[in-house]
Amino acid sequence: MAIRITPSILNADFSQLNEEILKVSSVSDLIHLDIMDNKFVPNFTFDFDRAAEIIKDCPIPVDSHLMVVEPEKAAPAFAEMGSASVTFHFEAAQKPRQIIREVKAKGARAGVALKPGTSFFDIEEYLDEIDMVLVMTVEPGFGGQSFMSEMLEKVKETRKALGKNERGIWLQVDGGISPDTIESAALAGADTFVAGSAVYKSDNPAEMVKLLRRLATP
Ligand code: DX5
Ligand code: ZN
């Protein structure tokens, strides 16, 4: 099973993002871009124009995680901007299947994210079309929170439901991923790992990405 490490720049220095991204780009699979609108979550990160610039300047593919209301509008826009993957929150979506189809039609992978209180079984019916399930291992909104180990059960349920996984659906975890927690998430079945503060609060972000990859690799 392929492992992907996707550093989140939420805890990077926003005043020099290009440099921050360059610290990890040669050792990472994608850069995880957290978009918060101060409505779906009580925090704001980047508006569409700034996000488009970040995506355009990023030397490796971008994994956009939209913590926003009305993903019917935002998700296709982020695909259009050139994100390799666009993940929206199931809790915010009125028309999940329409979003998934529009994102894919614009050439991006379509991911569905689940807050800790949302069951995997609520989205199981979309496995025929989605490209990634994101199991949040913290409440979305902020970096630097503690990993919720009770979410491992949801990761296991998701992995089980993927079965032979002929479409190659990714199973991502986001929140509190560090050298202390990544192995348990990998053992539960995650293959795609977001790490924010573990990477950007480390003295050597690239070495931290490599360490996380080693720990997650079976
Ligand atoms: C939180 C974001 C995460 C955040 C993770 O809502 O979705 O991507 O950056 O940060 P850490 O790894 O510090 O928990
Ligand atoms: Zn995220």
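Let me start with a term: buried means under 20% relative accessible area, exposed means over 50%, and partly exposed is in between, with a 1.4 Å probe and protein chains only. By that rule Asp34 is buried, because its relative accessible area is 5%.

Quick housekeeping. This is a predicted model, where local features need pLDDT of at least 70, side-chain atom pairs count only at pLDDT 80 or more, and totals for chains, interfaces and linings use all residues. Residues are numbered from 1 along each chain as its sequence is written, chains are lettered from A and ligands numbered from 1 in the order in which they are written, and side-chain values use heavy atoms, with hydrogens and water left out.

Now the metal. Which residues coordinate the zinc ion (ligand 2)? They are His32 through NE2, Asp34 through OD, His65 through ND1 and Asp174 through OD. The distances run from 2.0 to 2.3 Å. A donor here is an N, O or S atom within 2.8 Å of the metal (3.2 Å for Na, K and Ca); water is not among the atoms, so sites may look incomplete.

On geometry, the zinc ion (ligand 2) has six donor atoms, with angles of 72 to 170° among them, and the site is octahedral. Six donors count as octahedral if opposite donors are over 155 degrees apart and all others between 65 and 115. For comparison, ideal angles for six octahedral donors are 90 or 180 degrees.

Along the chain, the donors of the zinc ion (ligand 2) follow the spacing H-x1-D-x30-H-x108-D. Asp34 sits in strand E2 (residues 31-36) and Asp174 in strand E7 (residues 170-174), so the pair links distant parts of the chain, 140 residues apart. Helices here are DSSP runs of H or I, at least four residues, and strands are runs of E, at least two, numbered from the N terminus. Asp174 is buried, as is Asp34.

What does Asp34 touch, not counting residues up to four places away in sequence? Ser8, Leu10, Thr45, Phe46, His65, Met67 and Asp174. Contact means heavy atoms within 4.5 Å. Note that His65 and Asp174 are on that list, and both also coordinate the zinc ion (ligand 2).

Next, helix H3, residues 71-80. Seven of its 10 residues are buried, so H3 is mostly covered by the cut-off I opened with. The buried ones are Pro71, Glu72, Ala74, Ala75, Pro76, Phe78 and Ala79. What covers them? The cover includes E2, helix H2 (48-57), strand E3 (62-67), strand E4 (85-89) and helix H4 (96-105).

Take H4 first. H3 and H4 pack at an angle of about 15°, with their axes 8 Å apart. That makes H3 roughly parallel to H4. Axes are lines fitted to C-alpha atoms, for helices over the stretch in contact, and angles run from 0 to 180 degrees between N-to-C directions. Roughly parallel means under 35 degrees. H3 passes H4 in a right-handed crossing; that is, the near helix is turned clockwise from the far one by less than a right angle. Pro71, Glu72, Ala75, Pro76 and Ala79 in H3 meet Gln98, Ile99, Glu102 and Val103 in H4.

Now H2. The axes of H2 and H3 come within 10 Å and cross at roughly 30°. That makes H2 roughly parallel to H3. The crossing of H2 past H3 is right-handed. Phe48, Ala51 and Ile55 in H2 meet Ala74, Ala77 and Phe78 in H3.

Then some backbone points. Gly82 follows H3, and its phi is positive, near 105°. Asn38 is not a glycine, yet its phi is positive too, near 65°. Asn38 is in the loop between E2 and H2, and counts as partly exposed at 49% relative accessibility. Asn165 has a positive phi near 55°. Asn165 lies in the loop between helix H5 (152-162) and E7. Is Asn165 buried or exposed? Buried, with a relative accessible area of 18%.

Ser184 lies in helix H6 (residues 182-188) and is partly exposed, at 29%. Beyond its neighbours within four places in sequence, Ser184 contacts Phe147 and Leu152. Ala198 is in helix H7 (residues 197-200) and counts as buried at 17%. With the four-place neighbours set aside, Ala198 contacts Ile177, Ser178 and Met208.

How values were computed. Four donors count as tetrahedral if all angles lie between 85 and 135 degrees; four count as square planar and six as octahedral if opposite donors are over 155 degrees apart and all others between 65 and 115; anything else is irregular. Angles under 35 degrees count as roughly parallel, over 145 as roughly antiparallel, 65 to 115 as roughly perpendicular and the rest as oblique.
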